[in-house]
Amino acid sequence: MRIPLPRAARSSGKRLVVAVAAALTATAAVVTAPAAPAAGPVPHYLMTAFTNSSESNMYVYDSANATSFTQVRANAYTPPSGLIRDPSVIRHTDGYYYIVYTTNWTGDTIGFARSADYVTWTFLRNVRVGLNGSTGSTWAPEWFKDPDGSVHVVFSASTAGTAGQFRPYRITATNGDLSAWSSPVALGIPANYIDSFLVKVGGTYHNFLKNETTKYIEHATATSLNGPWTFVGTGNWAGWGSGLEGPALVRLPDGRWRIYFDQYGQRRYFHADSTNLTSFGAKVELTGLSGVARHFTVLREDSGDGTAVAAGARSLRSVNVPDRYVRHRDNLGYVEPVSSSSTLPARQDATFTVVPGLANANCHSLRSVNFPDRYLRHYDFRVRLDVNTGDAVFARDATFCGRVGLAGGGSTSFESYSHPGRYLRHRDYELRVDWRTSDSAFAGDASFTVTAPLA
């Protein structure tokens, strides 16, 4: 039985390990990736929504192109009480995903939940905004992360219930774990507006929101969150027609903006694109989501930096423990001592075929050489060797994007496609996909030398 060395012991043995590494050079040559220009970070788009079939369950979807979405999980979150309308998602600096949502048609609370993997969610709390009491309504909370680092939730509130005159307000997080909030502050938008969605470009805040009287999505700008706001797009300014709500925006890799909105009366969903947030193209129906999803937000996340990894049979040698290679054993991933003198089964366990990523061909998947129906993937962030089930969740969990090695020296790091910010790394010699930390130990644990195959 192998007893893992504590990190301190590994550090004290560094000189011995370096000596071993020199001997390994003859047994596994470094493979240089193709001399192609880096393609840049690879995006994926996470979406949370309620549906036409349920106001009490949240669905999670994902997309590689912000247009074609696939379902990650139905009924991914059900609050302990109330509704889950209008779920808005962010990823916070602690690595967790957070949603904020409408808890009911009437009342003065908004709900919060958290997830490490955006598949399994945990209820955190309902926050009473203290504005409108039990006879009022609090709708459509949306996250807004200001470039200055502050985190806000913008919501619409009426003191007279669903038939009242709504105005947008914001609350601001007063601590790092998003558990304490300021008192509500009016945005300075006149009545009767709901569904504010904010983005900031340069020194200008852009607010896309629904005119609840005319049912058009309108556009206002300001140089301060507190206004004054100037409406620069009113009525049918964009040519999309009325009967629209729930605007949400995401920025695409080419710099364009994409706005999504719900044509709720017809139960249809659309998007439109803009280069400048002033003029937008025609609305385009979201095939596969129209008639299903309702009032969602989309979170773009980028993985890798475009670093290429040579295709074909390869082995991955640990940078900070260079006598050890990535291998599978009993269908789990480890870094363990393997060399050209090891048994053939051990060398095969440490050899993988690098293929285009199952979820995105701009990234990579690692297929077992001796069990070619199996891939390295993470499950609850532990790396396993599993049979490819062919579903979208497996594809994402088995896709890793190349990045210049965090430890340098010509090494490569592998960032999770499905969970950007998490990297393939070893901890106590077990392979995991862990949230990146800034210390040098993590950089070493998450960096590998791509070598010729051991088998």
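Predicted model: local features only at pLDDT ≥ 70, side-chain atom pairs only at ≥ 80, totals over all residues.
1. Residues are numbered from 1 along each chain as its sequence is written, and side-chain values use heavy atoms, with hydrogens and water left out.

2. The largest pocket holds about 650 Å³ of space. Of its 27 lining residues, I90, K145, L249, V298 and L299 are the closest to the centre. (A pocket is an open set of points on a 1 Å grid over the protein atoms alone, where a 1.4 Å probe fits, with protein on both sides within 12 Å along at least five of seven lines; lining residues have an atom within 4 Å of a point. The volume is the space filled by probe spheres set on the points, which are joined across faces, edges and corners.)

3. Two or more lining residues come from each of β4 (85–91), β8 (137–145), β12 (193–201), β16 (245–251) and β20 (293–303). β20 gives the most, with 5 residues. (Strands are DSSP runs of E, at least two residues, numbered from the N terminus.)

4. By class, the lining has 15 nonpolar, 4 polar and 8 charged residues. (Ala, Val, Leu, Ile, Met, Phe, Trp, Tyr, Cys and Pro count as nonpolar, Asp, Glu, Lys and Arg as charged, and the others, Gly among them, as polar.)

5. β20 also belongs to an open sheet of 4 strands, ordered β3-β2-β1-β20 with antiparallel pairing. Its edge strands, β3 (69–77) and β20, each pair on one side only. (Two strands pair if DSSP finds at least two bridges between them.) From one strand to the next, the twist averages 25°. (Axes are lines fitted to C-alpha atoms, and angles run from 0 to 180 degrees between N-to-C directions.)

6. Within this sheet, β1 (residues 42–51) and β2 (residues 54–63) run antiparallel, joined by 6 bridges. A49 has Y59 in β2 as its bridge partner.
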